[in-house]
Amino acid sequence: MAIKVRIPTPLRKLTNGSDEVSAEGRNISEIIENLESNFPGLKERICEADGKLRRFVNIYLNDEDIRFKKNLETELNENDELSIIPAIAGGAF
Amino acid sequence: MDFTEEQIERYSRHIILPEVGGKGQAKLLKGRVFVLGAGGLGSPSLLYLAAAGVGTIGIADGDCVDLSNLQRQVIHNTERIGKPKVLSAKETINALNPDVNVVAHHGRLTVDNIREIIRDYDVVLDGSDNFPTRFLMNDAAFFEQKTLVSGSMFRFDGQVAVFKPAKGLPCYRCLYPEPPPKGLVPSCQEAGVLGALAGVIGVLQAVETVKEILGIGDSLAGHLLIFDALKMAFRKVKVRKDPECALCGENATIKELVQYEEQACELRAPSACER
């Protein structure tokens, strides 16, 4: 199943500038693996070495943080949309 | 509260709003807001808070005005280059609205001073530019039970959130538990930010702050607002209270303020203040 994934600015270098990509998977782990195979290097930017999501990066399934669902095992349905949203710090610059 | 004739005229566009009225304007004049950072986000927030007649505005910033700031930090101007930002901001605010009492803190906020500094304010607004300060501000706001209006930006993206620990609502650490380790965020040289984006995000922070003081509308608390300037798209996602949050969760482990180490590129040269 193809799911739309929104890519944040800091990761767009890895997706050839695309702000939205399509990825295949039944759950979020599978989506991440699929993203990694299409855009090598993306997984390590959002996941720790043990595969867990980094603590300053969130993934939203529609408008819900996946940590409050089944995290990376959260299952996906047709028309679901994922957004990767990292913490950003700039204000004063 | 008795208004002077000048005040009635100055705030007339507020006073005629049924949601604000004389009562609301009096709340604003008695309101106390602390703004961390007189930079990209602080500049537009401060201008609108001052124009709205927020009676006491605290500002903390350790930097001085630099030419490269003026592309977005609209509270300063070319003549103020080299001047402490808090004093430049105070000058602009004083000229804009004599009703506002500005309390300027020229210096950095640390674990030793932040709680005491924010204690006297009703709402704190975070316009800081680095993760250590952002987490310090969140933790201090939690310990002091202050509503925190947080804004941040990066290139063309902005985020706004409101955290209300006193209402048992989530904190910044519920959203992002820890700052990124060194080397995992793009370096300062790569960053850059669209000047007008600072205006959008800073003014949204001012809107939420004013609503907070007036007690009107639906607070953004419990949500994260994301703005993508290139797509001209706003999105709102939910921020849940994390029962395992190290700061506000049931088994919290953070009992006092934590000083995180700054990224190498966040260590700024003091040169701008020494010119």
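Analyst: Happy to. Let's start with Glu212(B) and Lys164(B), whose side chains form a salt bridge with N and O 2.9 Å apart. This pair links distant parts of chain B, from Glu212(B) in helix 9 to Lys164(B) in the loop between strand 6 and helix 8, 48 residues apart. Please keep in mind that this is a predicted model.

User: What makes the contact of Glu212(B) and Lys164(B) a salt bridge?

Analyst: The cut-off is 4 Å between a side-chain nitrogen of Lys or Arg and a carboxyl oxygen of Asp or Glu. The N to O distance here is 2.9 Å, so the pair qualifies. In general, side chains of opposite charge can pair when their charged atoms come close.

User: Is Lys164(B) buried or exposed, and how do you know?

Analyst: Its relative accessible area is 12%. Buried means under 20%, so Lys164(B) counts as buried.

User: Which salt bridge crosses between chains, and how do you know that it counts as one?

Analyst: Take Asp63(A) and Lys238(B), with N and O 3.8 Å apart. That value is within 4 Å, so this is a salt bridge too. The contact runs from Asp63(A), in the loop between strand 3 and strand 4 of chain A, to Lys238(B) in strand 8 of chain B.

User: Why is Asp63(A) called partly exposed?

Analyst: Asp63(A) has a relative accessibility of 32%. Lys238(B), at 27%, is partly exposed by the same rule.

User: Why is the pair of Phe135(B) and Tyr172(B) called edge-to-face?

Analyst: Two values matter here. The ring centres are 5.1 Å apart, and a pair needs them within 6.5 Å, so the rings count as a pair. Their planes meet at 70°; over 60 degrees is edge-to-face, so that is the label. The two residues sit in helix 7 and helix 8 of chain B, 37 residues apart.

User: What makes Phe135(B) and Tyr172(B) buried?

Analyst: Phe135(B) has a relative accessible area of 0% and Tyr172(B) has 4%. Both values are under 20%, so both residues are buried. Phe135(B) and Tyr172(B) also belong to one aromatic cluster, together with Phe163(B), Tyr176(B) and Tyr260(B).

User: How many aromatic pairs and salt bridges are there over all chains?

Analyst: The structure holds seven aromatic pairs and 22 salt bridges over all chains.

Technical notes:
Residues numbered from 1 in each chain as written. Chains lettered and ligands numbered in written order. Predicted model: local features only at pLDDT ≥ 70, side-chain atom pairs only at ≥ 80, totals over all residues. Heavy atoms only, no water. Phe/Tyr/Trp six-rings, centres within 6.5 Å; stacked < 30°, edge-to-face > 60°. Helix = DSSP H or I, 4+ residues; strand = E, 2+ residues; numbered from the N terminus. Buried < 20%, exposed > 50% of the residue type's maximum accessible area, 1.4 Å probe, protein only.
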